[in-house]
Amino acid sequence: MTKTEIYAQTAREIEAVLEGETNVVARMATVSCLLHQAFDDYFWTGFYVVDPEKSEELVVGPYQGTLGCLRIPFSRGVCGAAARTGEVQIVQDVHAFPGHIACDARSQSEIVVPVYAPDGKLFAVFDVDSTEVGSFDAADAEGLKTILDKVII
């Protein structure tokens with residue numbers, strides 16, 4: 001299957017599992033789990049949520065993978081850049097990204113997608129790391145955005 005087909009299939013699975021579920025933590029945990037399992041090159045998959053007490057800081061949320069960074073300021077790293085700019089960040093080689101935060105040295109490439117609440121405010125970012133350089137592209141951005149637009153209800 002192509003990447004696009006895997007995202008479409010996974011989106012259907014996520015939608016079926018989440019039908020009727022209103023708890024945002026359960027929704028995020030399910031999305032992290034099913035996406036992590038869908039792709040062999042997803043090494044770390046999960047959410048960093050905007051801290052309600054520190055509006056310019058992300059705190060780790062539901063994820064799959066090795067230990068993640070606990071907190072990330074908007075001013076640092078790929079996750080911080082996505083939170084600060086509101087734009088998807090696709091980084092082919094994390095070692096070439098200025099200010100990259102190495103939560104796990106095995107990470108080689110990364111995609112981070114902003115996640116918005118229904119009121120339009122940034123709620124979280126969704127972060128995926130790969131152990132391979134160049135793992136992510138526009139198909140990943142589109143597939144993830146489609147899924148993530150339905151997480152926070």
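This is a predicted model: local features need pLDDT of at least 70, side-chain atom pairs count only at pLDDT 80 or more; totals for chains, interfaces and linings use all residues.

Trainee: Which elements give two or more residues to its lining?

Mentor: Strand 1, helix 3 and strand 6. Helix 3 has the largest share, with three residues.

Trainee: And which lining residues lie nearest the centre of that cavity?

Mentor: Ile101, Cys103, Glu110, Asp127 and Asp129, out of a lining of 20 residues.

Trainee: How does the lining split by class?

Mentor: There are 10 nonpolar, five polar and five charged residues around the largest cavity.

Trainee: You mentioned helix 3. Where does it run, and how many of its residues are buried?

Mentor: Helix 3 covers residues 77-85, and seven of the nine are buried, so the helix is largely enclosed by the rest of the structure. The buried ones are Gly77, Val78, Cys79, Gly80, Ala81, Ala82 and Ala83.

Trainee: What covers them?

Mentor: The cover includes strand 1, strand 2, strand 3, strand 4, strand 5 and strand 6. After helix 3 comes Gly86, which has a positive phi near 75°.

Trainee: Now the strands. What does strand 1 pair with?

Mentor: Strand 1 runs antiparallel to strand 6, with six bridges, and antiparallel to strand 2, also with six bridges. On the strand 6 side, Trp44 has Asp129 as its bridge partner. On the strand 2 side, Val49 stands opposite Val59.

Trainee: How many residues sit between strand 1 and strand 2 in their hairpin?

Mentor: Two.

Trainee: Is strand 1 mostly covered or mostly open?

Mentor: Mostly covered: eight of its eight residues are buried.

Trainee: And strand 5, how many of its residues are buried?

Mentor: Seven of eight, over residues 109-116. Strand 5 pairs antiparallel with strand 4 over three bridges, and Gln89 has Val112 as its bridge partner there.

Trainee: What about strand 5 and strand 6, how many bridges?

Mentor: Eight, again in the antiparallel sense, with strand 6 spanning residues 122-130. Val113 stands opposite Phe126 in that pairing.

Trainee: What does the turn between strand 5 and strand 6 look like?

Mentor: These two strands form a hairpin with five residues between them, and Gly120 in the turn has a positive phi of about 90°.

Trainee: Asp129 keeps turning up. Which side chain does it join in a polar contact?

Mentor: That of Ser107, at 3.2 Å.

Trainee: Where is Ser107?

Mentor: Ser107 is in the loop between strand 4 and strand 5.

Trainee: Changing topic: Ile6. Where is that one, and is it buried or exposed?

Mentor: Ile6 is in helix 1. Ile6 is buried, with a relative accessible area of 18%.

Trainee: What does Ile6 touch, leaving aside neighbours within four places in sequence?

Mentor: Met1, Ala38 and Phe39. Phe39 is 33 residues away in sequence, and its C-alpha is 8.1 Å from that of Ile6.

Trainee: Last one, the largest pocket. What volume does it have?

Mentor: About 170 Å³.

Trainee: Which helices each supply at least two residues of its lining?

Mentor: Helix 1 (3-18) and helix 4 (138-148). Helix 1 gives the most, with five residues.

Trainee: Which residues line the pocket, and what classes are they?

Mentor: The lining is Ala11, Arg12, Ile14, Glu15, Leu18, Arg27, Thr146, Ile147 and Lys150. By class, that is four nonpolar, one polar and four charged residues.

Technical notes
Residues are numbered from 1 along each chain as its sequence is written. Side-chain values use heavy atoms; hydrogens and water are left out. On a 1 Å grid over the protein atoms alone, a cavity is a set of points where a 1.4 Å probe fits but cannot get out, and a pocket is an open set with protein on both sides within 12 Å along at least five of seven lines; lining residues have an atom within 4 Å of a point. Grid points are joined across faces, edges and corners, and a volume is the space filled by probe spheres set on the points. Helices (H or I, at least four residues) and strands (E, at least two) are DSSP runs, numbered from the N terminus. Ala, Val, Leu, Ile, Met, Phe, Trp, Tyr, Cys and Pro count as nonpolar, Asp, Glu, Lys and Arg as charged, and the others, Gly among them, as polar. Buried means under 20% relative accessible area, exposed over 50%, partly exposed in between (1.4 Å probe, protein chains only). Two strands pair if DSSP finds at least two bridges between them. A polar contact is a pair of N or O atoms within 3.5 Å; within protein, one must be able to donate a hydrogen and the other to accept it, and residues adjacent in sequence count only if both atoms are side-chain atoms. Contact means heavy atoms within 4.5 Å.
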